[in-house]
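Load the model in your viewer and follow the stops below.

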Amino acid sequence: MSSDVSLRPVVPGDLDLFEREFTTQDGTGPFQWFGFTSAHRLRERYAEDRLLGREGGMLTVTAAGEAVGRVEWFASAWGRPDTSACWTIAVALFPAARGRGTGTAAQRQVVDHLFAHTRAERVQAFTDHANLAEQRALEKAGFTREGILRSAQWRSGRWHDQVLYSVLRTDTPLWDQEPA
């Protein structure tokens, strides 16, 4: 399935899909369930900038032309944002799309997009220390495991350790080239 995975801008119908698919723990999976939340803020942001802004963005993941999830990125910094900014990415797939290489392909594509269209030197991601499938997906997508962030995420009534991953523009010759 991963060969037919692509990314595209979010369209209004995707917002309905995201709301339907990601409003329960079964839909998000145990590592992305943060309780019930309103979709209002996402719809407001869509109306403002179509989820493609200077501080981050969101794209729809498709497989065989059908929406199967989303990838997003947001600005992070390891020091002063003016000089130490990077992107943090995240992926959320509908349950039926998991375990098929779709997340790996989508994460690689969003990294390609960010290196081609922004000045980012670093793209990072993190996942729960128990989310072995996502750790494998990140490694297959070219990310390097950097370490454990202890008690970094509050979810399901307790703190959870996260594993931090990154990829640098210079990690692969493709990413080190100037955009055409």
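A pocket is defined on a 1 Å grid over the protein atoms alone: an open set of points where a 1.4 Å probe fits, with protein on both sides within 12 Å along at least five of seven lines; lining residues have an atom within 4 Å of a point. Points join across faces, edges and corners, and volume is the space filled by probe spheres set on them.

This is a predicted model: local features need pLDDT of at least 70 and side-chain atom pairs pLDDT 80 or more, while totals for chains, interfaces and linings use all residues. Numbering runs from 1 along each chain as its sequence is written, and side-chain values use heavy atoms, without hydrogens or water.

**Pocket.** Start at the second largest pocket, with about 200 Å³ of space. Select its lining, including Arg54, Glu55, Trp87 and Arg119. β4 and β5 each supply at least two lining residues (strands are DSSP E runs of at least two residues, helices H or I runs of at least four, numbered from the N terminus).

**Core.** Next, select Ile89, Val123 and Phe143. In the largest nonpolar core, of 27 residues, these touch the most other members. Such a core joins buried Ala, Val, Leu, Ile, Met, Phe, Trp, Tyr and Cys through side-chain atoms within 4.5 Å; buried means under 20% relative accessible area with a 1.4 Å probe, protein chains only. α5 gives the largest share, six residues.

**Val123.** Beyond four places in sequence, Val123 is in contact (heavy atoms within 4.5 Å) with residues including Trp87, Val111 and Tyr165.

**Helix α5.** Select 102–117. Its buried residues include Val110, Leu114 and Phe115.

Note on methods:
Buried means under 20% relative accessible area, exposed over 50%, partly exposed in between (1.4 Å probe, protein chains only).
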